[in-house]
Amino acid sequence: FNDRYVDPGMQITQAIRTGFRDAADMTKPYTDAAMALSRSQAQFKIMGFNEEDNRRAFKVVADNAPKQITTKAAGTDIMTDLVNTVGSIEKAAQVYDIASKYSFNAQAVYGQTAEQASSSIQTGFKAIEVMGRTGPEEARRTFDLISKVSASSGGRITGEDFLQFARKGG
């Protein structure tokens with residue numbers, strides 16, 4: 001019996017397995033992104049959004065995602081946080097673009113995690129509410145100020161700090 005004999009059927013089977021494994025590895029980033037978006041979409045349903053609210057919220061995310069260098073899944077997470085914080089899709093849509101920009105900067109420039117950036121956005125908007133600056137343009141200007149202060153401090157001053165200032169009457 002020859003030790004060098006290789007079963008051709010086994011070679012074909014191994015080649016097919018390797019091909020499938022490589023194909024699965026190549027599609028992993030896409031399937032991961034699709035799963036993240038699906039998870040984010042489920043958040044809106046859990047929050048009780050009807051189909052029209054769901055469409056409006058996703059339209060805001062889709063319209064802004066290319067401008068803010070963010071994925072639709074990350075944008076949906078930001079939108080969910082905003083709706084939870086400001087109370088409606090309409091109000092969240094009015095400030096989504098600046099919140100999305102803040103989130104990107106906080107993660108890319110200051111090394112915050114998505115959760116840290118999200119928390120800072122939520123507390124920033126809670127601070128705006130405590131200050132009574134809830135009009136759309138007033139909220140945008142105030143959050144823009146919070147973003148600029150955070151940027152000029154190198155990320156050391158966050159929405160949480162503004163919430164503490166606001167609660168103390170600052």
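Trainee: Which helix holds T123, and is T123 buried or exposed?
Mentor: Helices here are DSSP runs (H or I, at least four residues), numbered from the N terminus. T123 is found in helix α5. Buried means under 20% relative accessible area, exposed over 50%, and partly exposed in between (1.4 Å probe, protein chains only). With a relative accessible area of 8%, T123 is buried.

Trainee: What kind of model is this, and how are its residues numbered?
Mentor: This is a predicted model, where local features need pLDDT of at least 70, side-chain atom pairs count only at pLDDT 80 or more, and totals for chains, interfaces and linings use all residues. Side-chain values use heavy atoms, leaving out hydrogens and water, and residues are numbered from 1 along each chain as its sequence is written.

Trainee: Which residues does T123 touch, not counting those up to four places away in sequence?
Mentor: Good one to look up in the structure. Contact means heavy atoms within 4.5 Å. With residues up to four places away set aside, T123 touches G159, E160 and L163.

Trainee: Why is the pair of Y102 and F143 called edge-to-face?
Mentor: Rings of Phe, Tyr and Trp (its six-membered ring) pair if their centres lie within 6.5 Å; planes under 30 degrees apart count as stacked, over 60 as edge-to-face and the rest as tilted. The centres of Y102 and F143 are 5.5 Å apart. Their planes stand at 65 degrees, so the pair is edge-to-face.

Trainee: What parts does this pair tie together, and how many residues apart are they in sequence?
Mentor: Y102 lies in helix α4 and F143 in helix α6. Both residues are buried, and together with F125 they form one aromatic cluster. The pair therefore ties together parts of the sequence separated by 41 residues.

Trainee: Where is F20, and is F20 buried or exposed?
Mentor: Look at helix α1, residues 8-46, for the place of F20. Its relative accessible area is 63%, so F20 is exposed.

Methods
Helix = DSSP H or I, 4+ residues; strand = E, 2+ residues; numbered from the N terminus.
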